[in-house]
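Dear colleague,

I am handing over a structure for you to look at alongside my notes. Please keep it open while you read.

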Amino acid sequence: METYWYNLFPAKENFISIGYKVALFFGLWKLFRFTLSTLGIVWQYLIMKIVPNNLYLKYGSKLQKSWVLVTGASDGIGLAMCKVLAKDHGFNILMLSRNEGKLGKARDELLAYCGNRVEVQIELQDLAQISTMSEYSKRFETLINSHDIAIVINNAGVGHGGPFNQITD
């Protein structure tokens, strides 16, 4: 006579056994989901630390040191971009601004922040005075040709106050 597993337990124990199995299944399911989410967090951390998410690998030159040209680099978002691109990504920085005093302080702050790992050059330019593309080309031709510029961040801005319909060129 063959015995089957369901014949080994009385009906009451079968019902309790099924309850344990269901509870075990849901417990294992929760453990599985927790493990996957934990592994996901660990994986993201490892990816961020081990695999470089570096703009220099994507845009920089392998033959010579690449530069980032940042306009409006003396403070605010422009200076913050200079810090990130210099320290985290290893680019040399070419800072443009119209205020010589603020630009010099920003260069000193950037060098103190990054150390001597990158080169920082400053260029005094008032972009509000440029009105045509030919003037823009003349002003920046030597600057662009003398550096391997990989990224340009146009952060400089000019504001004109007053009602919109009264603003003229």
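Glu 135 and Arg 139 are 4 residues apart in helix 5 (residues 133-145), so about one helical turn separates them; helices (H or I, at least four residues) and strands (E, at least two) are DSSP runs, numbered from the N terminus. This is a predicted model, in which local features need pLDDT of at least 70 and side-chain atom pairs count only at pLDDT 80 or more, while totals for chains, interfaces and linings use all residues. Residues are numbered from 1 along each chain as its sequence is written, and side-chain values use heavy atoms, with hydrogens and water left out.

Glu 135 forms a salt bridge with Arg 139, their closest N and O atoms being 3.8 Å apart, where the term means a side-chain nitrogen of Lys or Arg within 4 Å of a carboxyl oxygen of Asp or Glu. The structure holds 4 salt bridges, and another of them joins Asp 75 to Lys 102, with the closest N and O atoms 2.8 Å apart. Asp 75 lies in the loop between strand 1 (67-71) and helix 3 (76-88), and Lys 102 in helix 4 (residues 100-114), so this pair ties together parts that are 27 residues apart in sequence.

Best wishes
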